[in-house]
Amino acid sequence: MNGYGPPEVVATGLRFPEGPVPMADGSVLLVEIARGTLTRVAPDGSLSVVAELGGGPNGLAIGPDGAAYICNNGGFEWIEAGSLLFPGHAANADACGSIQRVDLTSGAVTTLYDSFEGERLKGPNDIVFDAAGGFWFTDHGQVRDTGRDHGAVYYAAADGSTISRQRADMMGPNGIGLSPDGETLYVSETMTARVWAMDIVAPGELAPPPPWAPGRFVGTPPAFRLLDSMAIEESGRICVGTMVKGGITIFDPAGGSEFVSLPDVGITNIAFGGPDRRDAYITASTTGTLYRVRWPRPGMKPH
């Protein structure tokens, strides 16, 4: 695999896993969207439920207080295709997404945000904390009988006190990540399969976009594929979960990309862990599998 280790199965039997977070004790926290849970995967692959979240827990990050912060999309209808599981339309006619906080000691769940200026969040998807202790998150939207929601990028305080919409009118923003220097925000759009770079001018504040795009264009796959969540390498490369032809697309911000193929049509998330941050934990969501791949370069430490 051109310097990439073979995929090693860490766990199976998951119900559309996403948002893996490698923990110091060797376990991996993740969400199971179709089960509505925050789940811990032990080093031996055994599963335990940390918290019942309901709806559709989608993205996950550990905050500076050690709690888990979850993007909940409100829930999907599900499509069984043989042994594969696919998300369909929103499970609810009305928007009901939220940002949740889970105390990992007690399992207590609180809702931090479910709206912005009186408008309900539609389908929060992915989340990343910055060095100031706040977090960026994408609202991917949902597909409903009335049509597809557009999406937006938000910034919020971890204590539930403030939220701002920093980029509207995106086409299903999904993955979100920060450059190693913390000065650039990267966002992937699923259906357009584009990665965008946006300049951060102050904590929680993006520079105005050009009139024709949400940011600077970074790249897109060479054929029809869909992009999901992302993780950033220490080098600054952007690693994006890729669906249809499943794998990880690695974009260089300076230009160019490469592709690491993996055995699932729905590769959604990647996160780096291990002592040298070269263990890539990857969710193969449609088969309900968590893989570990030995990566040739280290991932970035969280801000």
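A word on conventions: residues are numbered from 1 along each chain as its sequence is written. As the model is predicted, local features need pLDDT of at least 70 and side-chain atom pairs count only at pLDDT 80 or more, while totals for chains, interfaces and linings use all residues, and side-chain values use heavy atoms, with hydrogens and water left out.

Let's start with the sheet. Strands here are DSSP runs (E, at least two residues), numbered from the N terminus, and two of them pair if DSSP finds at least two bridges between them. Four strands make an open, antiparallel sheet, in the order β25-β26-β27-β28. At its edges sit β25 (226-232) and β28 (257-261), each pairing on one side only. Inside the order, β26 (residues 238-243) and β27 (residues 247-251) are joined by five bridges; Gly-241, for instance, has Ile-248 in β27 as its bridge partner.

Now the pockets. A pocket is an open set of points on a 1 Å grid over the protein atoms alone, where a 1.4 Å probe fits, with protein on both sides within 12 Å along at least five of seven lines; lining residues have an atom within 4 Å of a point.

Which residues lie nearest the centre of the largest pocket? They are Val-21, Ala-61, Val-128, Arg-277 and Pro-302, out of 36 lining residues. Strand β29 gives the largest share of that lining, five residues.

The second largest pocket has 28 lining residues, with Pro-87, His-140, Thr-190, Leu-226 and Met-243 nearest its centre. The largest share, three residues, is from β9.
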